[in-house]
Amino acid sequence: MFAEILRRLVATIPVMGVVAIAVFALLHVTPGDPAVIIAGDYATTDDIARIRTRLGLDQPFHVQVGLWLSRIVRGDLGTSIFSGLPVSTLIGQRAATTIWLTLFAMLISVGVGVPIGVLAAWRKGSWLDRAVMVFAVSGFSMPTFWLGFILVYVFAITAGWLPVQGYHPIAAGVWPFLSHLILPALTLSVVYMALIARMTRASMLGVLDEDYIRTAFAKGLAPRGVLIRHALKNASLPVVTIIGIGFALLIGGAVVTESVFALPGLGRLTVDAIVRRDYPVIQGVLLVVSGVYVLINLVVDVLYVILDPRIRY
Amino acid sequence: MAVRATDAGTLAAEATVARPAARARRLLARQPTFAAGLAVLFAVLAVGVFAPLWWTGDPLQMKPAQRLQQPSAERWFGSDHFGRDVYTRTVYGARVSLLVGAAVSLVSLALGTTLGLVIGFYRRLDTVMMRVMDGLMAIPAILLALALMAMMRGSVRNVIIALVIPEIPRVIRLVRASVLSLREHTMVEAARALGVGTPRILLRYILPALVAPLIVQATYIGASAILFEAYLSFLGAGTPPHIPSWGNIMAEGKTYVQLAFWIILFPGLFLALTVLAINLVGDGLRDLLNVRG
């Protein structure tokens with residue numbers, strides 16, 4: 001199995017190579033001169049020339065790609081045009097917020113999504129099942145930022161229970177930290193929760209018809225035990241897949257959520273960089289986030305083998 | 001999906017119904033959410049296309065004396081910080097959303113299907129291209145679209161381009177998977193034995209089998225494109241600010257959440273309902289056309 005894990009790890013190298021080249025090629029996606037676009041509308045010829053040299057845009061394309069690849073292999077993501085700080089430092093400063101936000105959102109969506117999916121499948125056709133399905137399709141259609149504003153309006157502005165926006169690091173105390181993350185994490189989790197509930201229900205429906213489930217019930221086992229130990233365990237593969245794929249959804253949602261709640265995370269960093277056309281920062285974030293996505297899906301692949309010993313690559 | 005005996009029975013009964021209108025009515029009755037989605041979608045379409053007819057004014061007209069007014073009999077959705085009518089702007093905003101949704105799903109399907117057919121059929125291309133697709137799909141779609149917008153001038157056309165590019169690898173993957181399974185099908189083998197050329201096999205034998213899954217996919221792409229357009233505009237990297245789009249109206253309203261919540265409430269409601277309607281239509285079509293997944 002370890003050889004297998006190693007093989008999968010090696011297989012991620014070409015994927016990351018494609019990501020790196022694609023992220024670089026983004027600079028050249030428009031027909032114009034990237035230095036002119038990055039410099040903005042009010043730049044002088046000198047500014048443009050400086051940016052061109054600084055980003056190595058005066059080199060031939062293949063040399064630029066080579067330089068870029070050799071830099072990122074050494075862990076050098078370049079420096080921000082706007083702040084002059086290394087991109088890796090900027091990402092390091094902002095990563096914690098985004099990690100907490102996505103982690104909490106992930107916990108909420110799995111913690112609620114899986115149980116309601118199981119219950120809906122168990123009571124198929126009941127009002128509970130219908131309610132879960134209505135939630136699944138409407139939650140998936142919900143504009144994240146709009147939901148965020150609704151929650152802010154209800155729980156922060158009208159009720160006054162939670163802060164409207166902002167962020168406090170965990171060092172500032174547990175409650176200030178948590179209270180600033182509850183609404184953002186809830187906002188971010190809804191789309192994902194809907195997806196997980198729907199997937200869990202579908203997967204459970206496939207398993208509940210099996211003979212061994214009937215046998216387990218016939219033996220007089222408690223429904224809870226049958227649902228969790230016998231059914232959910234066997235229905236968990238597609239759910240785990242969705243959890244891996246859904247990470248991309250969470251990161252995308254985090255960009256928007258951080259903007260609504262003024263959280264200083266990677267999403268804010270990207271949006272600010274886009275407004276300022278700070279291209280090294282944009283490239284750095286894209287690369288790091290995609291790398292994390294590839295790694296998470298690698299972990300999911302390994303989890304497959306653990307959850308279902310029949311799977312051998 | 002397994003066809004149950006009852007389904008087979010009703011299907012047989014339906015086949016004997018001569019009038020298509022009656023058949024359509026029966027299908028709609030069996031699929032209430034599909035019917036509801038379709039109704040809302042047509043309503044939004046009517047709202048957008050005939051925007052000037054719905055008792056709207058000029059979406060750009062500013063009345064500084066009437067800033068941030070509450071919803072009332074004259075101003076149904078209130079007014080924004082420039083005194084513009086939120087109702088009028090929301091109605092006109094439907095145009096941008098529907099245009100972007102339709103354009104993104106049509107363009108990405110056309111390009112993705114063409115590429116997917118070719119890649120799926122030529123084994124040599126396949127291995128390399130699928131690694132490339134895996135790489136492109138590892139970049140979260142919204143981040144890729146944002147980065148693309150950073151390099152382009154803000155315009156509706158560029159928003160469409162920025163949303164099509166992340167979508168293409170996903171369509172390619174869907175088409176390729178179907179091509180791979182259909183390629184081994186007996187009918188393709190038979191056609192090959194008769195000397196039918198590859199382009200003809202792709203167009204006459206494989207493409208028709210893809211129509212149903214692609215129609216379903218088109219609705220989901222349209223729904224997510226409408227959401228993404230609003231996200232991009234909300235983040236200030238989408239449709240240019242002078243065009244009233246739902247994302248733009250809400251972006252301008254976000255400073256006034258505490259004072260004038262209606263600026264965000266109404267366009268968001270339209271956005272959520274439209275996306276929900278399209279997703280319901282997609283789910284309905286998936287069941288009706290018997291597409292799995």
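Where is the place of A:Arg277 in chain A? The views below come from a predicted model, and they start with that residue.

**View 1. A:Arg277 sits in a loop of chain A.** This loop lies between α11 and α12 (279–307) of chain A. Take a look at the backbone here: the phi of A:Arg277 is near 50 degrees, a positive value in a residue other than glycine. Most residues other than glycine have a negative phi.

**View 2. A:Ala262 is found in the loop between α10 (223–261) and α11 (266–275) of chain A.** Here is another backbone to look at: A:Ala262 is not a glycine, and yet its phi is positive, at about 50 degrees. Is A:Ala262 buried or partly exposed? With 13 other C-beta atoms within 10 Å, A:Ala262 is partly exposed; a residue would need 20 or more such atoms to be buried.

**View 3. Chain A and chain B meet in a contact that takes 39 residues from each of them.** On the side of chain B that touches chain A, at least two residues each come from α5 (123–138), α6 (141–150), α9 (198–234) and α11 (262–288) of chain B. Which helix gives the most to this side? That is α11(B), with 9 residues.

**View 4. The side of chain B that touches chain A has 31 nonpolar residues.** Alongside them, this side of chain B has 5 polar and 3 charged residues.

Methods. Residues are numbered from 1 along each chain as its sequence is written. Chains are lettered from A and ligands numbered from 1 in the order in which they are written. This is a predicted model: local features need pLDDT of at least 70, side-chain atom pairs count only at pLDDT 80 or more; totals for chains, interfaces and linings use all residues. Helices (H or I, at least four residues) and strands (E, at least two) are DSSP runs, numbered from the N terminus. A residue is buried if 20 or more other C-beta atoms lie within 10 Å of its own, exposed if 12 or fewer, and partly exposed in between; C-beta atoms are placed from the backbone. Two residues are in contact if their C-beta atoms, placed from the backbone, lie within 7 Å. Ala, Val, Leu, Ile, Met, Phe, Trp, Tyr, Cys and Pro count as nonpolar, Asp, Glu, Lys and Arg as charged, and the others, Gly among them, as polar.
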